[in-house]
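Please keep the sequence and the coordinates at hand while reading.

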Amino acid sequence: MNKKTVILIPCYNESATIEKVVRDYREAFPGAEIYVYDNNSTDHTDEIARKAGAIVRYERKQGKGNVVRSMFRDIEADCYIMVDGDDTYPAEDAIKLANEVLNNGVDMAIGDRLSSTYFTENKRPFHNTGNRLVRALINTFYDAKVKDIMTGLRAFSWDFVKSFPVCSKGFEIETEMTIFALDKNMKLAEVPIGYRDRPEGSVSKLNTISDGMKVLKTIGTLLRDTKPFAFFTWISVILLLITTAFFVPIYIDFLHTGLVEKVPTLIMVSMLGIITILCFFTGIILTSLRKNQKNEFERSLTTMRLIRESQRQQENQIKED
């Protein structure tokens, strides 16, 4: 049975590059359907993409995360190639990612820019720093060795696309994808790819500060949700250190004088101590719940696969009849 590959291109005001991107990916994947999801562009990106041969659809909620949610819900395929519409990712590199998904059973193949030309081609130094910071945080918390967290070129399996709950609204979606794959123990592969800076006339939609803060917030939120014991234990340790720092002088004074002179401080320290204990046990309880959630995820994924296989068999039977 031939496996279906689709190209997904989320776009917002990419009129300067979208035609070339569509044509390049049409040449690299001659049998694939190419979908351009327009996100309220005002520069006729949709018209240019349609003339270039893409299937154009629309997502009115602003933000890349909202676009990805629609793409993943709408499209059925065996391999999904998602690429930015800014012509920074060579189409021939995407073939290597598709091969990982179709032939090697990979759930998410990541196009690794940072091991090749990214730091020399990218002209925004704060973006380079941000990429390193996000990579270090995720690899530390999830005991991973992912080289490029924020890349805009990825390939996905059907299992990943249909089980991934998109929560992000904007550019933090890449971080969410990576953490989801690591947390759910999905099979990942990284393939070094080329990267070229945006051509003249093409403008980045990323805001280094605001989008960077959203990414960091996303990491914190997902760390709380996926690793509650580590998250709340760290909070407990910090609170314990603060509590100790305030309590020790009070206790020393009490040993010398037999009196507690800083009663309000002692009350505050007592409250912090109670919160410290509550945080620690909150982490323990949520960790137990997380284990049940992971078991349920595996069962639901198995059910989804069985349903899909049954649908395929029915379709094949109809074709034969």
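E174 sits in helix α8. The model is a predicted one. With a relative accessible area of 3%, E174 falls under the 20% limit and is therefore buried.

*Contacts of E174*

- The E174 side chain forms a polar contact with the side chain of K64, at 2.5 Å.
- Setting aside neighbours within four places in sequence, the residues in contact with E174 are K64, I149, M150, T151, G152 and R154.

*Packing of α3 and α8*

- Helix α3 covers residues 64-74, and its axis lies 9 Å from that of α8.
- The angle between the two helices is about 55 degrees.
- On the α3 side the contact involves K64, G65, V68 and F72, and on the α8 side I173, E174 and M177.
- By residue class, this contact of α3 with α8 holds four nonpolar residues, one polar residue and two charged residues.

*Loop residues with positive phi*

- D87 is a residue other than glycine with a positive phi, near 60 degrees.
- D87 is found in the loop that runs between β4 (79-83) and α4 (91-104).
- The relative accessibility of D87 is 10%, which is under 20%, so D87 counts as buried.
- N185, also not a glycine, has a positive phi near 55 degrees.
- The loop that holds N185 lies between α8 (173-183) and β7 (188-192).
- N185 has a relative accessibility of 70%, which is over 50%, so N185 counts as exposed.

*The chain as a whole*

- The chain contains eleven helices and seven strands.
- Of its 321 residues, 44% are buried.
- Taken along the principal axes, the box filled by the C-alpha atoms is roughly 90 × 50 × 35 Å.
- The accessible surface amounts to about 17100 Å², and carbon and sulfur atoms account for 59% of that area.
- When contacts between residues at least 6 apart in sequence are considered, 76% of them join residues at least 24 apart.

How values were computed. Residues numbered from 1 in each chain as written. Predicted model: local features only at pLDDT ≥ 70, side-chain atom pairs only at ≥ 80, totals over all residues. Heavy atoms only, no water. Helix = DSSP H or I, 4+ residues; strand = E, 2+ residues; numbered from the N terminus. Buried < 20%, exposed > 50% of the residue type's maximum accessible area, 1.4 Å probe, protein only. Axes fitted to C-alpha atoms, helices over the stretch in contact; angles between N-to-C directions. Contact = heavy atoms within 4.5 Å. Nonpolar A, V, L, I, M, F, W, Y, C, P; charged D, E, K, R; others polar. Areas by Shrake-Rupley, 256 points an atom, 1.4 Å probe, with all protein chains shown as cover. Polar contact = N/O pair within 3.5 Å; in protein donor to acceptor, adjacent residues only side chain to side chain.
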